[in-house]
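Please look through the sequence and the structure below before reading on.

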Amino acid sequence: MGSTFSIENRDQLVEAVTWAAAEEQPLEVIGRGSKRALGRPVQAAHSLDLSKLTGITLYEPEELVLSARAGTSIAEIEAAVDEKNQMLAFEPADLSPLLGGTAGSGSVGGVLACNLSGPRRIKAGAARDHFLGVESASGRGEIFKSGGRVVKNVTGYDLCKLLCGSYGTLAVMTDVTLKVLPRPQKTYTVLLLGLDDATAMKAMSRALGSPHEVSAAAHLPAALSPGSAVSYVAEAGGAVTAIRVEGPGPSVEYRCAALRRELADLGQTEELHSRNSLTLWRELRDVQPLWQEDERAVWRLSVAPSAGPEVVAAIGQGAAYYDWGGGLVWLALSSEGDAGAQRIRDVLGQYGGYATLIRAPQKVRAAEAVFQPQAPAMAALTARVKDGFDPNRVLNPGRMYAGL
Amino acid sequence: MKMPDPDQTIIEAKADIVTALRAIVPGEGVIVDEDELRVYESDGLTAYKQLPLIVVLPETTDQVSQVLKCCQERGVKVVPRGAGTSLSGGALPLADGIILGLGKFNRVLEIDFENRCAVVQPGVTNLGITKAVESEGFYYAPDPSSQIACTIGGNVAENSGGVHCLKYGLTTNNLLGLEMVLMDGTVLRIGGKHLDAEGYDLLGLMTGSEGLLGVVTEVTVRLLKKPETAQALLLGFPTAEQAGDCVAAIIAGGIIPGGMEMMDKPAIHAAEDFVHAGYPLDVDALLIVELDGPQAEVDHLITEVSDIAERHGAVTSRISESEEERLSFWAGRKAAFPAVGRISPDYYCMDGTIPRAQLPLVLRRMREMSEKYGLRVANVFHAGDGNLHPLILYDANKPGELEAAEDFGSDILKLCVEVGGVLTGEHGVGVEKRDLMGAMFSETDMKQQQRVKCAFDPEALLNPGKVFPQLHRCAELGRMHISGGKLPFPDLPRF
């Protein structure tokens, strides 16, 4: 019979992992449990619950730094920084609703373990770019730290990067330190209406190649735009391409006008101001356009931006929209069979990039590669890295790759 | 600084190794002549010198792969080298090791404006990337002050920054992909033109790994469009405390300038004497704040920063009115190192990072140390991100001064760690700060890092003697010491 170890402090964590390593008993690592349906199903009789390892332990707004225990709710952290007119600039996507949970239920450790970033990724960087320091327990049951609380730091290997996006397979984070940034005073969005995917790509590329410091660029094809809560988008009667600018008022107004001028030859433009902008970008961040498709599998593709529309056309099925200037494709496909895995991998074989199966029934996630399959040499290195942290493979075994 | 004991059997096998290497890299690509080796005996940390056994200058990834495989088979150590500008001794040779120079990897392979990236070989200089793309108004953002000479491969190894990284990030934030070769000759590609390379973030791990994990043979970097305009403010303060408070207030006010640099009095005077930038000489601290973006934004922010500076007691406040004037503000800061070189026979450049608020304390303690060691110190400071560059002035010809400068430097770095900072912000640990790692990391921390090293280079042949004060064998690191058995913790809540 499996147990759930509810961890309240570091000593308990060390004790539990040490036991698991000695007994070779696999552990499922759970922050607040909002993303358990993401990744391959973990074959573990026991689990580590970190939801009581909580609290913001340091927040110095003028130093742009915040530390928290790994189980702290990401919503609590976002509320704390918002109060000081700051933000987590990587705009962490809240995938809970997409995965069938409630919004705002994830932990900061979970966000980092999955390297979840939102539309601002293209300008401000991913979660991994804001992850300054960590303390964690390796699969050996040893507490180690890496990084610090300052941005500029090349002292030793950057293990924060390695842990970010490792889905809890290398170590169990206990304490994390993040960089925070000032929240922009104004957020405007230029909308281009009725563009096909290829023209939208051209528009986003032009905007991102301009000096106007575009902080997000996305394209909702006609099939998905009616689902938006923003009336300008829902009632556009066709595809909507959205380009965001943020900053001080005078700057935002100037850049918005310049973008509308420079993109006018591609289609009709419209403008959203702060409230509508925030709503739209939250929808795009959290994959809301695909929430309704709950029978379907949802894939996340990262490709060269210019390849986005071609990749979608080559896959030729399902409903898709684009973020990151075309470089991030959210795609809903039938969850029958392999949920489109083979077709997607074949197309990416030609265009480069990778695909992750974000939502699918458990049996599909168990049978198919959820993460992009690796070439043998890379798979071997990945296994050696894993063994360097977790030699008995007790932490989230199989979550990313079968057997690892 | 003690380096690993040279392996005499390797030194004695030199002729055989040369023959093997010449079979891979023909012609002048294998250097054995002592006069020619002399060029490689040191890097930017000139206090340390060592002739390498052999220098190899391959031209293709395949050659790099074969050279590394050949060295692995023979147990020969390898020190990778770009332009040799490391300030921490990252490219310091070993008597029983080869230098693997990447200087011939000097081509820009592809420029892709539509995807805002460039694919370059590691021997391309940092500035060379910007030069290759600036005709279309693009640039590569990280701008270490050695950018005219340092290579992108070295930037990856050290995670180089520069004055603009406060707003635009370090090397690690501006990379998309790498091709690299492991010590056993395996060629790997990580990432590409897409964001967030798949699998474990080996791109992030490689960046700043100081040439200990693999040899980079190709780099894909992100390109940014140049801002429409940039203007700088030159702000003088009666005390460093006021300047520090001003920096904190600018950031607390929600402003992230393109660059924000501070100089203390000795640095101001040295720079002004050297380049006549027009710096005020009656202040204790000088701030250069650069704001970039659309004119509307720059105008707006200049007003805000001027107001903040005035509230914090600035006694000098000048705004650049032309590109020429903006560059003149920077001229003194950019020439600070050579300027200090003029007033002292030698100087030793440190690189700690501290939480910004600790600046007044750190400067005060540094003044006390300066008296204790009888050595002058001048400070330039990436104020926005807390990265200090104290320049310790000494004379290597005076007995004991180098040692005193090194001790002084160690004390400064330990102080940085004590106040919540780190040993090195952008220069790397190398050999220079290797033996200080224990001030920041426990034995467990360092062993975990070395286990990562073991995954890449189990024989520890790639750049040994750098970063880690003590080398453990991978077999020993892999052992588990667990007195396992029963579930021994009754107090652990379970349900």
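In chain A, the C-alpha centres of domain 1 and domain 3 lie 26 Å apart. This is a predicted model, in which local features need pLDDT of at least 70 and side-chain atom pairs count only at pLDDT 80 or more, while totals for chains, interfaces and linings use all residues. Residues are numbered from 1 along each chain as its sequence is written, and chains are lettered from A and ligands numbered from 1 in the order in which they are written.

Chain A is divided into domain 1 (1-183), domain 2 (186-285) and domain 3 (288-367); the bounds come from an automatic or database domain assignment.

Next comes a strand. Strand β13 (residues 240-247) of chain A has eight of its eight residues buried (20 or more other C-beta atoms, placed from the backbone, within 10 Å of the residue's own). Strands and helices here are DSSP runs, E of at least two residues and H or I of at least four, numbered from the N terminus. V240(A), A242(A), R244(A) and E246(A) point one way from β13(A), and T241(A), I243(A), V245(A) and G247(A) the other way. Strand β11 (residues 186-193) of chain A runs antiparallel to β13(A) and is joined to it by eight bridges (strands pair if DSSP finds at least two bridges between them). Strand β12 (residues 214-220) of chain A is also antiparallel to β13(A), with six bridges. A242(A) is the bridge partner of L191(A), and V245(A) that of V214(A).

Helix α13 (residues 376-389) of chain A has 14 residues. Its buried residues are L381(A), T382(A), V385(A), K386(A), G388(A) and F389(A). They lie on the same side of α13(A) because they cover an arc of only 155° around the axis, taken from the directions from the helix axis to the C-beta atoms. Their cover includes β7 (131-138) and β9 (171-179) of chain A, and β9 (187-191) and α17 of chain B.

The contact between the chains takes 83 residues from chain B and 82 from chain A. On the chain B side, α17(B) gives the most, with eight residues.

Technical notes: Contact = placed C-beta atoms within 7 Å. Buried ≥ 20, exposed ≤ 12 C-beta atoms within 10 Å, placed from the backbone. Expected span 1.5 Å × (residues − 1).
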